Structure formats: C-alpha cells, structure tokens
Amino acid sequence: MRESEAVTDPAFDKKRPASSGKWKPSMMLVLVGLVTGAGLMALSGCQSMSGRMVTVHESAYRDVDQTCEALKAAIEAQGFHCKAILHLNQAMAKHGVHLDRQVRVVQFGRAEYAHEMLADTPEVSAFMPCAFGVYEGDDGKVHVSGMNRALMARMFGGTVADVMGKRVARDEDAIFKALEHDAQQ
C-alpha cells in the first residue's frame with residue numbers, strides 16, 4: 001500500500017481546537033467536589049475536636065469549696081503553685097450579674113515548665129497560667145473541667161508539645177488520681 005492509498009480514520013485525525021470548552025464543566029465539577037470535601041472534613045474535624053478540647057471530671061466532694069481545697073492540695077503535691085482560686089459568683093455579682101450555681105476557677109502553674117515554653121514559644125502566654133473550672137452541674141454534683149492540654153499541645157508541636165502535651169498532661173492525671181484517692185479516705 002502506498003502512502004497516498006492509506007486509509008485514515010476521521011475520528012482520530014480530528015484535533016480539538018485549543019479553545020474547546022468541553023473539558024471545563026467536568027474539571028470544574030472535580031474542583032468543586034475536592035473543595036467541598038476538604039471543607040466538610042475540616043468542619044467534621046473541628047466538630048469532633050471541640051468535644052474533646054475540654055475534659056470534665058466528677059468530684060467526689062459534696063461542694064465546690066471542698067473540691068477547690070482538695071484540688072489545691074493535689075496541685076501543690078505535684079509540684080505546682082496554686083496561684084489563685086477565683087470566685088466567679090462574687091466577681092460577677094459586683095457587676096450586677098448573678099449565677100444560679102457556684103463556679104470557681106483554680107489557677108496553677110510551674111515556673112520551670114512556663115520558662116521552657118515561653119523561651120521557645122512566647123505566644124503560649126495566652127494560655128497561662130493553667131486553670132481548672134470547678135462548678136455545680138445541672139445534675140447537682142460538683143465537676144472539675146480543664147483544657148485537654150495534650151490535644152491542644154499537639155497543634156503547637158515542639159517544646160509546647162513536649163512540656164504541655166506530655167509533662168503537664170501527665171501531672172494533671174496524677175492530680176486527678178490524688179483527688180479521687182483523697183476523697184475516698
């Protein structure tokens with residue numbers, strides 16, 4: 001067969017013009033799908049993380065003041081300094097706002113831990129000192145809440161993850177174990 005006699009397939013010989021927009025709708029659909037999927041995953045992650053960012057422990061003590069005193073003792077037994085016990089009911093009442101339940105904030109810290117984190121990442125000063133919330137729940141029981149420092153520290157990485165995510169989180173576990181143990185005595 002000579003070159004001039006070769007049979008060609010018109011479908012293969014056709015080249016799409018550069019301005020052809022047939023691919024644009026399907027590519028746009030893929031991009032919209034990717035962006036929507038990423039957005040839904042981010043939203044889902046935020047929703048699931050928000051429920052884990054705060055930990056809540058039921059106190060074995062019968063009232064907020066007893067719980068705060070026992071918590072202070074457990075904090076200091078772990079080598080932390082209890083900086084203050086804030087009475088939110090009293091503080092808010094000075095401004096004409098009243099709560100139906102008792103709420104306290106127990107602040108604590110450890111200078112060595114703070115120094116390590118501040119030397120490396122001073123912006124974490126916004127999270128200092130550490131604190132626990134102590135409050136009367138809707139169930140009539142006393143609860144102690146706190147930030148999930150291990151989870152929060154992972155977002156920072158580095159020194160913060162080491163100090164807050166490992167050492168402070170470990171010490172907090174010991175504080176809660178001591179609080180439970182002392183209540184049983």
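**Stop one: a charged cluster**

Start by selecting Asp171 and Arg170: they form a salt bridge, with the closest N and O atoms 3.3 Å apart (a salt bridge being a side-chain nitrogen of Lys or Arg within 4 Å of a carboxyl oxygen of Asp or Glu). Before you zoom in further, note that this is a predicted model, where local features need pLDDT of at least 70, side-chain atom pairs count only at pLDDT 80 or more, and totals for chains, interfaces and linings use all residues. Residues are numbered from 1 along each chain as its sequence is written, and side-chain values use heavy atoms, with hydrogens and water left out.

Is Asp171 buried or exposed? Asp171 counts as buried at 5% relative accessibility, while Arg170 is partly exposed at 48%. Here buried means under 20% relative accessible area, exposed over 50%, and partly exposed in between (1.4 Å probe, protein chains only).

Arg110 counts as buried at 19%, and Glu112 is partly exposed at 49%. Together, Arg110, Glu112, Arg170 and Asp171 are linked in a network of salt bridges. The structure holds nine salt bridges; another one joins Arg167 to Asp162 at 3.0 Å.

**Stop two: the core**

Next, colour Leu71, Ile75, Val106, Phe132, Val134 and Ile175, the residues with the most contacts inside the largest nonpolar core, which has 30 residues. Such a core is a set of buried Ala, Val, Leu, Ile, Met, Phe, Trp, Tyr and Cys residues joined through side-chain atoms within 4.5 Å. Which helix supplies the largest share of this core? That is H7, with seven residues; helices (H or I, at least four residues) and strands (E, at least two) are DSSP runs numbered from the N terminus.

Centre on Val134 and show its neighbours: among those it touches are Leu71, Val106 and Cys68, contact meaning heavy atoms within 4.5 Å.

The structure holds zero disulfides, a disulfide being a pair of cysteine sulfur atoms within 2.5 Å. For Cys68, the nearest cysteine sulfur is that of Cys82, 8.6 Å away.

Finish at Met128 and Pro129, joined by a cis peptide bond with omega about -5°. Pro129 sits in the loop between helix H5 (111-120) and strand S4 (130-136).

How values were computed
Lists of a residue's contacts leave out its neighbours within four places in sequence.
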